[in-house]
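Let's take a walk through this protein together.

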Amino acid sequence: MSIAAKVSTRTKKPHLEIQGGFQLSGDLKVSGAKNSALVLITAALLTEEQVCLSNVPELTDIKAITDVLGTMGVKSSYQGDVLQLQADQICHSDPPYELVNGLRASFFCIGPLLGRLGKAKIPLPGGCRIGARPVVEHIRGLKALGALVNVEHGVVTASLRGTSGRLKAAPIVFDCPSVGATETVLMAAVLAEGTSTIENAAQEPEVQDLANMLNAMGARVRGAGGPIITIEGVETLHGCNYSVIPDRIEAGTFLIAAAITRSKIRVSPVIPDHLNAVLQKLRDAGCSIEINKQAITITPGEIHGVDITTQPFPGFPTDLQAPFMALLVTAKGTSVVTEKIYENRMQHVAEMQRMGASIRLQGNTAVIEGVPQLSAAPVRGGDLRAAAAMVLASLAAKGTSLVEGLDHLDRGYAFLETKLNGAGSHIIRYQN
Ligand code: EPZ
């Protein structure tokens, strides 16, 4: 990652030094969606022809997943925001544990490898700081499609039954609308024999983006983005050129940065329908929102508290719960934030309290009393979105904050401080 950085003088750990209190202005540019690009990259395993993805964000997770595919023989080259992939000589379907273990998204390989090679051996993705992150639904779906799936010693081994050369279509009903499980089953079913259906499918835009790319490769997927998806299996898929959708979570983060610093900012490109729940809450909190095709201009008024409950799409996204809380801690009045998706996604509360936030945490519900101003402090982001939330809080805090947790932040935000400094913030990266 080519970011100019200074040698640290205050702490040995890589961190951002943020001078709070500056207004922002102008435009903030949104990169391609991390949570789409990761799964689209694994979909390249479904064909031996070249796949060319554009608008691919420069993130550590993107390099990590490309490295995982490289260990299986997938060729790749990354120029600007264009990633070219070719899986014409997959040498095996058993990526090394040390690479896969660091990146949950590696599990996305299991569906395409089953469809292409009829077998796959992928380490079971562990939990992470925000929750257990089980893959029960993914495995249920693969078994429904006729795969033999065995989980032993932390490794998931999947193969086709008997001598059949293809998975068999099936009706699948998820217990919960899991994004990853929906994407895994989609990528396994596109090469299956017959027509499969997924009920209680995840409706996130990233699922729709994957379905659109698969259809560009010759698949026949209908209904993605809704609760019921139909997949008519085909024998082979061909290559494609495809552009990743803009990152709705980065866009939401930028809108919240504008609201927190009480600045008028234009955020683009963004697909407004991917952010309706967030836009509504920003309006309810006192911001005016102007939409012009793929650009959103936000003008904050007096910010007051609102209640947030995270839900599967199209509800309020869990990935913006922590960033939005950074706004609510200096809003006028009381807010209640309830995290319904993950069991442990409130670690940022303690860090915000260090900056003077008044928050009472009861389980996964935070009751926030807005304070006039936060005070700068050394803080740390314990997961990707908590780290982003601490950057946002520091933009408004009085004084200079140090934000650690860049290893998390760089997984999901490309050149965050460069973009924010371009709009008037004062952030220096110290990278030892
Ligand atoms: C995707 O994770 C995103 N990651 C997450 O973004 C996002 O928070 C999440 O979807 C929800 O929107 C990527 O796309 C790479 P899930 P995923 O399966 O697919 C439970 C970020 O910050 N569940 O929809 O793992 C699970 O425990 C990351 O960018 C089961 O109970 O999410 C969780 O509580 C974080 N059983 C909930 O569903 C299962 O078999 C949502 O999980 C599967 C999931």
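Which of the 22 residues around the ligand come nearest? They are Glu 137, Ser 178, Val 179, Asp 319 and Ile 341, where a residue counts as near if one of its heavy atoms lies within 4 Å of the molecule. Before going on, a word on what you're looking at: this is a predicted model, in which local features need pLDDT of at least 70 and side-chain atom pairs count only at pLDDT 80 or more, while totals for chains, interfaces and linings use all residues. Residues are numbered from 1 along each chain as its sequence is written, and side-chain values use heavy atoms, with hydrogens and water left out.

Back to the ligand. A backbone N or O atom of Glu 137 sits 2.7 Å from one of the ligand's oxygen atoms. Asp 319 reaches in with its side chain, placing a polar atom 2.7 Å from a ligand oxygen. Arg 385 also uses its side chain, with an N or O atom 2.8 Å from an oxygen atom of the ligand.

Stay with Glu 137 for a moment. Its side chain meets that of Arg 140 in a salt bridge (2.9 Å, N to O); the term means a side-chain nitrogen of Lys or Arg within 4 Å of a carboxyl oxygen of Asp or Glu. Helices (H or I, at least four residues) and strands (E, at least two) are DSSP runs, numbered from the N terminus. The structure holds 15 salt bridges.

Now zoom out. The protein is divided into domain 1 (3-31 + 246-430) and domain 2 (34-243), with bounds that come from an automatic or database domain assignment. Their centres, taken over C-alpha atoms, are 31 Å apart. Where they touch, 24 residues of domain 1 are in contact (heavy atoms within 4.5 Å) with 18 residues of domain 2. Together the two domains bury about 1800 Å², 50% of it on carbon and sulfur atoms; buried area is the accessible area (1.4 Å probe) that two parts lose on being put together, summed over both. In domain 1, Phe 313, Tyr 342 and Arg 411 lose the most area to domain 2, together 28% of what that side buries.

Two salt bridges are found across this interface. Elsewhere in the list of pairs, Glu 206 and Arg 248 join their side chains in a salt bridge (2.8 Å, N to O). The largest share, three residues, comes from α13.

Most residues other than glycine have a negative phi, and most peptide bonds are trans. Here, though, a cis peptide bond joins Ser 268 and Pro 269, with omega about -10 degrees; Pro 269 is in the loop between β14 (265-268) and α9 (276-284). Another cis bond links Phe 313 to Pro 314, with omega about 10 degrees, and Pro 314 lies in the loop between β17 (308-309) and α10 (321-328). His 153 has a positive phi, near 55 degrees, and its place is in the loop between β7 (147-152) and β8 (155-160).

How values were computed: A polar contact is a pair of N or O atoms within 3.5 Å; within protein, one must be able to donate a hydrogen and the other to accept it, and residues adjacent in sequence count only if both atoms are side-chain atoms.
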